[in-house]
Every structure is written in structure tokens, then in C-alpha cells.
Amino acid sequence: MNNLDFLAEDFNRIGVDKNLAQSLDGKAVFITGASGFFGRWFFSLLLFLIKSEGVNCKIYLHLRDKSKVTEKFDIQGNEVELLEGDIRSLIDLPEDVNYILHLAGNPDTRFHTTHPLDTMNLIVDGTSSILKAASRLSQLENIVIMSSSQVYDTVYSNVKLIEDVSSQSCISKIDEPYSSAKIYSEALCKAAASEARLPVCILRPFGFCGAFQSINGPWAFNNFVNDAISGRAIKILGDGGSVRSLMYGADLAIWLLTILTNPKSGVFNIGSEEGLSMLDMAEKITACFSNKINVIKNASLTGVVNNTYLVPDCSKAKKSFDLNYYTNIDLSIERSVMWYKNNI
């Protein structure tokens with residue numbers, strides 16, 4: 001089974017609203033960062049709607065390396081056009097673009113540490129280029145810019161994060177390259193919305209799982225699955241009490257499409273509101289394997305690891321865009337592990 005067929009199972013299971021599908025008919029969508037996790041899920045949803053619902057939609061994919069998309073999907077056809085280049089050098093966009101989804105950026109914390117200047121330039125200059133190019137479009141209806149949950153302060157108590165606390169959170173993040181660049185890019189968006197009257201929506205994503213995430217990514221879920229697939233014990237750095245949330249890729253794609261085609265300005269959290277401890281996450285992953293996988297706690301070699309809590313309150317986004325969840329945590333993990341098993 002190829003990737004598109006695998007994802008189509010999820011989209012068919014959820015049942016994409018026909019009105020949502022038809023909102024794309026006759027429209028042109030421009031996507032940056034199309035080779036990443038968010039981009040591939042969203043692009044797959046568009047291809048699914050084109051093939052299953054007969055939606056007449058033009059897709060422009062902007063990426064540094066065309067092969068990262070062409071090697072994964074059969075995208076032959078007039079509905080998809082690949083544009084290759086550095087997003088920071090972008091000057092003009094196709095004149096017929098109605099919707100822009102700006103996803104370009106590297107979320108890998110290892111890259112942020114070793115290449116802080118490139119991290120900041122890519123985020124800030126890339127966002128600036130998109131906004132300037134968008135200001136010259138006559139048919140533009142909406143721009144969705146991906147920010148990050150890393151703009152928030154680290155939370156040590158079980159308090160879900162809401163958008164309104166960002167001003168306090170930003171102060172302590174200003175010396176962190178990725179976080180501070182995201183904070184500044186949000187300010188750029190608000191300035192562009194005010195000065196150029198651009199329709200700009202800012203999203204702050206939290207934790208996700210599903211197809212297209214690298215098994216070697218620097219996140220707990222990926223590390224746990226990597227250990228299990230390799231037949232190793234799953235190692236938790238702390239006592240397993242840290243809490244994260246995981247939203248499945250298919251739910252994410254539908255949320256992105258809903259938000260993109262329903263222009264509303266503002267800042268919105270996106271992700272699952274169901275908190276999951278690291279220990280529970282590890283045990284749910286082991287349940288996806290027939291062989292026994294041990295779970296080892298307190299595996300850190302650098303001392304005590306304080307428990308943290310990173311779960312969003314998405315009530316603002318759900319109410320504004322009439323959003324729902326479709327994939328529970330057990331199925332999310334099961335489908336994710338299944339994809340890894342088929343692709344590793």
C-alpha cells in the first residue's frame with residue numbers, strides 16, 4: 001500500500017464534509033514547506049479530494065528540493081505545480097493564488113542549537129517574503145502562517161495553554177533562537193495585517209503523530225517508536241510524569257483546510273486537548289507490538305528531569321471554525337506505528 005492509499009483510509013474513515021471539499025473548487029492554493037509533516041498531510045488531503053470528489057483545485061508547492069515530494073507521490077497532472085527555491089528569496093507568487101499556507105521552517109531542536117542564525121533567518125525572512133509577495137495578489141482570500149507552541153513558557157503544573165497568555169510567555173523565550181524568531185514572525189504578521197490589510201491567521205501547533213514524521217526526530221513519541229521497532233527497551237528520561245498531547249495527521253489536515261477556507265484573523269492553538277503522560281504514551285506504543293517491549297524510567301544520564309506539561313486549550317479555534325476531533329489517542333498511535341512498520 002502506498003502512502004496516498006494509507007492516508008485515504010483515514011480520510012474515508014473520517015468522512016470529509018462535502019461542503020468543505022467544494023470550498024476549494026475553482027481555487028488555487030500555495031503551500032510552502034510542502035515536504036514536511038504538515039505539508040505532506042495537507043497536500044495528501046487535497047489530492048484525495050481532487051481524486052475522490054472531483055474538486056477542481058490548483059496546487060502550488062514551494063520547496064527547496066522537488067524530489068522530496070515527487071519520490072513520495074504520483075503528482076503528474078495539471079492540478080499540481082512544483083516551485084523550487086529558497087523561501088527567503090521569494091519575490092512573486094502566481095497571480096491566481098487564493099489561499100496561502102506558510103509552513104516552511106525546521107522544527108528540529110538539534111538544528112536550532114547548531115544553526116541558530118539559519119533557524120532565525122529562515123523563519124523571519126521567509127515569513128517576510130511571503131507577506132510582501134502576498135500583498136501584491138488581487139485574488140487572495142486568506143493566509144495561514146504556522147507559528148509554534150514554543151512561544152509559550154515551560155509549564156510545570158497541569159494547566160492547558162491559552163492564546164491570551166502569550167505576551168507574558170514571550171519575555172522568557174527571547175533568548176531562544178527558534179522561539180524568539182516565531183514570536184517576531186507573529187509580530188510581522190500582525191503588522192502586515194494592519195498596514196497592508198492582509199487576511200492573516202496565525203496557528204500555534206502542539207504535538208502530532210502520523211505518517212511522514214521522521215523516526216529519528218527529536219521528540220519523545222518518535223524516539224519511543226524507534227526503540228520499539230528496533231527491539232530495544234523504551235527509555236524515558238524522567239519518571240514518566242511529563243505530559244504531552246498528540247493530534248493525528250488526518251485530523252490536522254482537515255483542521256488546516258477548514259481554517260484556510262474560512263478566513264478569520266487572530267492567533268489560534270491547534271492540537272489535541274487530551275494530555276498523555278510519557279509513561280502512558282510508552283505503554284500504548286508497546287501495545288502495538290506482539291513482542292514484549294520493556295519500558296525503563298529515569299534513563300537520563302544528566303540527573304533529575306523535571307516534569308513538564310504541554311497541552312493546548314483549543315476552545316478558541318474549535319468555536320471559531322466549528323472544529324472537531326476524529327481520531328482518539330489509541331487509534332492515532334496504532335495508525336502511526338503501522339505506518340512506521342510499513343515504511344522503515
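## Exercise 1: The cavity

This structure, a predicted model, holds one cavity of 30 Å³ or more.

**Task.** Find which residues line the largest cavity, and work out which elements each supply at least two residues of the lining.

**Solution.** 
1. Start with the space itself: the largest cavity contains about 50 Å³.
2. Next, pick out the lining, which consists of His102, Leu103, Ala104, Ile123, Thr127, Ile145, Met146, Lys182 and Ser185.
3. Now assign elements: at least two lining residues come from each of α6, β5 (142–146) and α8.
4. Finally, sort the lining by class, which gives five nonpolar residues, three polar and one charged.

## Exercise 2: Helices α6 and α8

**Task.** Describe how helix α6 (residues 116–134) and helix α8 (residues 177–195) pack, starting from the angle and the distance between their axes.

**Solution.** 
1. Two packed helices are described by the angle between their axes and by the distance between those axes.
2. For α6 and α8, the angle is about 10° and the axes are 9 Å apart.
3. Angles under 35 degrees count as roughly parallel, so α6 is roughly parallel to α8.
4. The handedness of the α6 and α8 crossing is right-handed.
5. Now look at the contact. From α6 come Pro116, Thr119, Met120, Ile123, Val124, Thr127, Ser128 and Leu131. The α8 side is made by Pro177, Tyr178, Ser180, Ala181, Lys182, Tyr184, Ser185, Leu188, Cys189 and Ala192.
6. By class, this contact of α6 with α8 has twelve nonpolar residues, five polar and one charged.
7. Link back to the cavity: Ile123, Thr127, Lys182 and Ser185 are among the residues of its lining, and they also take part in the contact of α6 with α8.

## Exercise 3: Two partners of α13

**Task.** Helix α13 (residues 329–343) packs with helix α9 (residues 220–229) and with helix α1 (residues 3–14). Classify each pair by its angle.

**Solution.** 
1. Take α9 and α13: their axes come within 11 Å and cross at roughly 55°. That makes α9 oblique to α13.
2. The crossing of α9 past α13 is right-handed. Phe221, Asn222, Val225 and Ile229 of α9 make the contact with Ile333, Ser336, Val337, Tyr340 and Lys341 of α13.
3. This α9 contact with α13 has six nonpolar, two polar and one charged residues.
4. Turn to α1 and α13, where the axes come within 11 Å and the crossing angle is roughly 165°. Angles over 145 degrees count as roughly antiparallel, so α1 is roughly antiparallel to α13.
5. α1 also passes α13 in a right-handed crossing. Here Asn3, Phe6, Glu9, Asp10 and Arg13 in α1 meet Leu331, Arg335, Met338, Trp339 and Asn343 in α13.
6. By class, the contact of α1 with α13 comes to four nonpolar, two polar and four charged residues.

## Exercise 4: A pocket

**Task.** State how much space lies in the second largest pocket, and sort its lining by class.

**Solution.** 
1. The second largest pocket holds about 160 Å³ of space.
2. Its lining includes Ile14, Gly15, Val16, Asp17 and Leu20. Also among the lining residues are Ile254 and Thr258, together with Phe321, Asp322, Leu323, Asn324 and Tyr326.
3. Sorted by class, the lining has seven nonpolar, three polar and two charged residues.

Definitions and conventions: Residues numbered from 1 in each chain as written. Predicted model: local features only at pLDDT ≥ 70, side-chain atom pairs only at ≥ 80, totals over all residues. Heavy atoms only, no water. Axes fitted to C-alpha atoms, helices over the stretch in contact; angles between N-to-C directions. Helix = DSSP H or I, 4+ residues; strand = E, 2+ residues; numbered from the N terminus. Parallel < 35°, antiparallel > 145°, perpendicular 65-115°, else oblique. Left-handed = near helix turned anticlockwise from the far one by under 90°. Contact = heavy atoms within 4.5 Å. Nonpolar A, V, L, I, M, F, W, Y, C, P; charged D, E, K, R; others polar. 1 Å grid on protein atoms, 1.4 Å probe; cavity = no way out; pocket = protein on both sides within 12 Å on 5 of 7 lines; lining within 4 Å. Points joined across faces, edges and corners; volume = space filled by probe spheres on them.
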